[in-house]
Amino acid sequence: MYLYNLTLQRATGITCAIHGNFSGSKLQEILISHGKSLELLRPDPNTGKVHTLLQTEIFGVIRSMMAFRLTGSTKDYAIIGSDSGRILILEYNQAKNQLVKVQLETFGKSGCRRIVPGQYLAVDPKGRAVMIGAIEKQKLVYILNRDSENHLTISSPLEAHKSNTLCYHMVGVDNGFDNPMFACLEIDYGEIDCDPSGEAAARAKQIITFYELDLGLNHVVRKYHEELDEHANFLITVPGGGDGPSGVLICSENYVTYKNTGAQADIRCPIPRRRNDLDDPERGMIFICSATHKTKSMFFFLLQTEQGDIFKVTLDMNEDAVSAIKLKYFDTVPPATTLSVLKSGFLFVACEFGNHYLYQIAHLGDDEEEPEFSSAMPLEEGDTFFFAPRPLKNLVMVDEIPSYAPIMSSHVADLANEDTPQLYLACGRGPRSSIRVLRHGLEVSEMAVSELPGIPLSVWSIKKRVDDEFDAYIIVSFVNATLVLSIGDTVEEVTDSGFLGTTPTLCCASLGDDALVQIYPDGIRHIRADRRVNEWKAPNKKTIVKCAVNQRQVVIALSGGDLVYFEMDPTGQLNEFTERRKMMADILCMTLASIKPGELQSPFLAVGLADSTVRVISLQRQDCLQPRSMQALPSPAESLCLVEMGIGETEEDEDGVIIHKGGKEKGSLYLNIGLQNGVLLRTVLDKISGDLTDTRTRYLGSRGVKLFRIKVQGSEAVLAMSSRSWLSYYYQNRFHLTPLSYETLEYASGFSSEQCSEGIVAISTNTLRILALEKLGAVFNQISFPLEYTPKRFVVHTDTSRLIVAETDHNAYTEATKNLRKRQMADEMIEAAGENEQELAQELADAFINEVLPEDTFSAPKAGYGMWASQIRIMDPVKGQTLFKVPLEQNEAVVSMCLVKFSVDGKSYLACGVVKDMQLNPRQIGSGYIDLYRVDNQCATLNLIHRTEVEDIPSAIAPFQGKLLVGVGKILRVYDLGKKKLLRKCENKHIPNQIVNIQTRALRVFCSDVQESVYCLTYKRNENQLIIFADDTFPRWITTTAILDYDTIATGDKFGNIAILRLPHSINDDVDEDPTGNKALWDRGLLNGASQKAENIITFHIGEIVMSLQKSMLIPGGPELLIYTTISGTIGALVPFTGREDFDFFQHLEMHMRNENPPLCGRDHLSYRSYYYPVKNVIDVEVQLRWQRSLKILEQDTHFKFFHSQIVILKSDGSENECFL
């Protein structure tokens, strides 16, 4: 088996985000890390919409990231700390739209090691130095400077190591242009290691240490250190020099403290808490992230708590010293990993889970009605301030960036009966959870829909003048008439446009600078700017059947097969070419390319004939209407479209980076051919000779393919219409061919107006529609259905296509407990009030009980450790409607679930593994149960039949031979249906740790252990025994598995690896073949396990925890793929090669790619994909899609011709990517 790895949807979870002027312009960008890839975003300062500039895989783990700017520079650089053991400095090259390596210095071993720096980064605010630190002991300081050519330089590393020290966080201290200084949160564990009693660990305190880089002596010294009273989690740099008092803010549990070296006293302020909060009262409050906003006259900090509340923090100054810290409630947004305040007035919130947001800062939180809390206010030790959360007041949401992270479970199926499968994802955590339905295609925004007086045939939009910004008319053609609509504040019919309204129109367009042309069956109507109309009438007994038009040329086909060519002269007159061309067969379609600026004509005409050929005909003066080339087709052509797209000839500069020759981007001319059998062909048309080469094929639908030229981001694109509409466009240096998630369209044209600068006007049945495409580059569009708790798993009821979802949250209240706790707190409020205040207290208590804050924004209350909330939900996946819910009691949690039909009665049941009072560390439970629910035929209700108590966690359940197979702790047990509880039938106690997954096929069972990979068992009916007959040779921490066939299983583990295990043909699971008759074959054992071993045939490191695997087809009749989803929101597929020859070629090519262009972070690609186990029999397509280079390597390869004709992955159209969707 040979596979290649294809990413369908990149990771959407954000681990880190930085902002700055990376392009060197006044616009700010946001550079975000998805763990193993980088993405550069740019918010539009006018609309607030976030646009992706580039995405790039780095084939390594991004551990930390900081932005910095050299003194006097206008451009920011990004420093990356990764698992490569190297410090990386990146610069964004806007001309090439690339992140370019500026510096890459090695300092240690590769891998995420606690003693190798890379986990922490701190930059001097003046851009003079950077400190890179490890979790333990090591810290290195690099001096940043410029050479004589203004290039960034980096010094040799200066050591600041300290043994027996753990580091929690580090920042650069802003002290103007004095020596650079860094502050680190540390703890010394020297005494703790030597004290087995644990007393030293109990009294150990954190230390804040200030390191100074002496630029004169060129070394680093520990200038100052001090013990901290509270345990802190991170530091914030306070502006210094002439901008502020310098120093740091220390964020610790329940407090924020200002600290500076010298005579400055520490200023400490408690973190305010919500009034009447349902959280566990013993739980401390911490800040989790921050953002700093600094102008020439002021600065402030935005700090966010675990609950999502943002506080504006300012410092009161008394001369040069800080006298007080002031906090003011700002707003509440979902908890974030990073906050970024941009100079354009936006706040970017990279959320921990769920979608990310961009907010406009409407007010700076200076409202005097909002209470302000100060460290100067008298409070007793341990007391704090209280505030009331409220809806957004200072922030306005302007854009939302979809994120699927974390994907807990997934399923690929056509539950909506749309002929193409949908992806159903269980996403999110807590109240921000959702079930998302993903469909392959671009999201279409419907701007307007209006009915027409009849069934239209075609539609066009045209401008009055070539330099007009927006279209002036929409022309709709019917069977016997033409309707002209004027575009203004409203769209209304006009009769003075010059168009002939009493005849159907074949085509109309702008001609020259200010003229229009209408082609109808009896002639051509040339409408001049001064309303003069020139008409050309078709010869007697002949009509115009087909036509093609661009800005200066008109070609028509008369009945009988004659081609007539017209060209505009310098005076604006349309002149007929003297000769006509008689074609050998009926003309079915034709097309002209657009005329580029500076050119006078398009040199070629493409004509589709009834003899299943396409002919390219010259329109140049020397051989006008003479054939140049021909291509045979498998079916007659329905439509043709010539467009210029993509990047043409390239070369490499000194750094090995691809640039465009001549400094300009040149495109290739593509002839798109839509066939009557629903196939789209795309062929390269040589601009000089007219030859047709490099044909690509794609099946689009059951109807003939109609093609229309439109504009996408200022470039030409092709809209293809079959039984489904598709868009072929060029975006971010890649070709995309993506379906539109919209109903069937029949005819379309580009459209431009004030409301929609790049839209589509289309017809569907008897309606006129104006559409817009916004999320270009997206593979999927989504519908989201909210949930209450984290969806741990879901199953599909196959008869009704409904979902049964198990939702479980730790540290959470059930709805009943929440209401009970609210009532208790309300009673306490009334009891605490005096006699005269009873009425007011009653009002406040009632308001508190009735107050409902949406938990998806304000977070769910934290109940405390060991508190669980869970429910089972039946959902309609098409409408998102919840049909039935089974809430479980407080502290009960669903941990496993499956649908089962017992052979006893043949009815459908839902079996759920439930635990009560479970503690995670150390793992223990109060009790475990298997709940059995009867599922009705419509899957509309669940009725509890009985509950069976078990002695351990029922962590895996699967149907098996009309019975129920349950993993109870480390015991694999078979149950059958009983009247009052499930009845034990047999069990196997030889699984070493804990069963986490069970898959069955016939009498064979694949049972996954939490850390010892997969065990293969067989069930012996006669003896009623489960016997282990094979296992794996490697330990694997299994998270999910999927059966591929009777002998093969795919596994995903906690460390981001996918492996496929296969039982060799020589393996024997039949006990009857044991000649001793006492099962000695299974008792002998090998490598401390079973006597027989599964073969590892596929190994590949994804780099993210794999949460689900499924063998499925993404298009009907397409190849079967192994679909995987990860905790970071990635959706990918492992696709089988058709033969060994293809795999050998790609393996050879991948080797060249690794050598020619190594990964951005300096990690070795082969080493990264072999992080835990050597990569085996898998080709990484990502490495080839990222490194689409010139054909120098390919031309040296003996397989080049084979590659050019057969393999399409390397081509930038991405068609191989699409064909599996």
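Modeller: Let us begin with a bridge partner, bearing in mind that this is a predicted model. In β64, S741 is the bridge partner of E443. The strands concerned are β37 (residues 442–451) and β64, which run parallel and are joined by 2 bridges.

Biologist: Which strand runs antiparallel to β64, and how many bridges join the two?

Modeller: Strand β63 (residues 725–731) runs antiparallel to β64, with 6 bridges between them. Within this pairing, L737 of β64 is the bridge partner of S728. β63 and β64 make a hairpin with 2 residues between them, and Q732 in the turn has a positive phi of about 50 degrees.

Biologist: Is strand β64 largely enclosed or open, and why?

Modeller: One counts the buried residues, meaning those under 20% relative accessible area. In β64 (residues 734–741), 7 of the 8 residues are buried, so the strand is largely enclosed by the rest of the structure.

Biologist: Which residues of α3 are buried, and what covers them?

Modeller: The buried residues are T817, K818, K822, M825, A826 and I830. Their cover includes α4 (838–850) and α5 (855–858).

Biologist: How many salt bridges does a search of the whole structure find?

Modeller: The search finds 66 salt bridges. For an individual pair, one reads the distance from N to O and then the accessibility of each partner. K259 counts as buried because its relative accessibility is 1%, whereas D266, at 39%, counts as partly exposed.

Biologist: What does the salt bridge between E567 and R621 tie together?

Modeller: The closest N and O atoms of E567 and R621 are 2.9 Å apart. E567 lies in strand β48 (residues 562–568) and R621 in the loop between β53 (613–618) and β54 (627–632), so the pair ties together parts that are 54 residues apart in sequence. E567 is buried, with a relative accessible area of 13%, whereas R621 is exposed at 66%.

Biologist: Which residues are linked in a network of salt bridges?

Modeller: The network links K596, E644, K687, R709 and E716.

Terms used
Residues are numbered from 1 along each chain as its sequence is written. This is a predicted model: local features need pLDDT of at least 70, side-chain atom pairs count only at pLDDT 80 or more; totals for chains, interfaces and linings use all residues. Side-chain values use heavy atoms; hydrogens and water are left out. Buried means under 20% relative accessible area, exposed over 50%, partly exposed in between (1.4 Å probe, protein chains only). Helices (H or I, at least four residues) and strands (E, at least two) are DSSP runs, numbered from the N terminus. Contact means heavy atoms within 4.5 Å. Two strands pair if DSSP finds at least two bridges between them. A salt bridge is a side-chain nitrogen of Lys or Arg within 4 Å of a carboxyl oxygen of Asp or Glu.
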